[in-house]
Amino acid sequence: MIACEELFTVANLATQDLFLIFCGDSNLALFDLEVEIVDEKGRKMEAKSGFTLVEILVVVVILGILAAIVIPQFTEAGTEAKLSSLCIDLKTLRSQIELYKTQHNNTPPSFANFVAQMTGQTDITGAVGTDFGPYMQKIATNQFNTLNTLDNTGTIGDNVGGWEYDETTGVINADDNYDNDGVAGPDHAIL
Ligand SMILES: [Ca+2]
Ligand SMILES: [Ca+2]
């Protein structure tokens, strides 16, 4: 029963709709009513169910917009994580090469024997021995080209190896050619 003296407006009349009734005393009341819809001859009408094509299209468009917003953020997070790994790996490689140098008469690991000299034990000349090392368990993989090999062509960022290494100076850099910063050239040439 609606305890109102006057009924002005009933909006969105449909089965189980929650609708507003504005009463004469200006009080706003909320009612949850079961409503049976009948046609002009008193026959019960089926409540409309399902979605129209337009409604489905609207949902698809909204999902598309959400995907366009969310997916690039995931991609960006992945790239940031890889860059973080790359920087940590470079820092480790550089510090361990430096340590090797100090223990081997200021001579950096050779290009040819880099893996053996960094992951195995050596004498002071860099030959297999028991005096120094190992300096790392394995050579890290460059997360941007998934390579853990060395290149010594002198070109940083040509994507030949995981790392560009100069055995005369002991300088090591990322050799991937990832380029997404809007500036021409590989982004990780100077890290
Ligand atoms: Ca290179
Ligand atoms: Ca670039």
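Let me begin with a definition: two residues are in contact if their C-beta atoms, placed from the backbone, lie within 7 Å. What we have here is a predicted model, in which local features need pLDDT of at least 70 and side-chain atom pairs count only at pLDDT 80 or more, while totals for chains, interfaces and linings use all residues. Residues are numbered from 1 along each chain as its sequence is written, and chains are lettered from A and ligands numbered from 1 in the order in which they are written.

Helices (H or I, at least four residues) and strands (E, at least two) are DSSP runs, numbered from the N terminus, and two strands pair if DSSP finds at least two bridges between them. On that basis three strands form an open sheet of mixed pairing, ordered S4-S5-S6; because S4 (150-151) and S6 (171-174) each have a single partner strand, they stand at the edges, and one side of each is left without a neighbour in the sheet.

S4 pairs with S5 (residues 163-166) in the parallel sense over two bridges, with Leu150 opposite Trp163 and Asp151 opposite Glu164. S5 and S6, by contrast, run antiparallel and are joined by four bridges, and here Tyr165 stands opposite Ile172. Their hairpin has four residues between the strands, and Gly170 takes a positive phi near 80° in it.

Lying across S5 and S6 is helix H1 (residues 53-103), which runs at about 170° to S6, where axes are lines fitted to C-alpha atoms, for helices over the stretch in contact, and angles run from 0 to 180 degrees between N-to-C directions.
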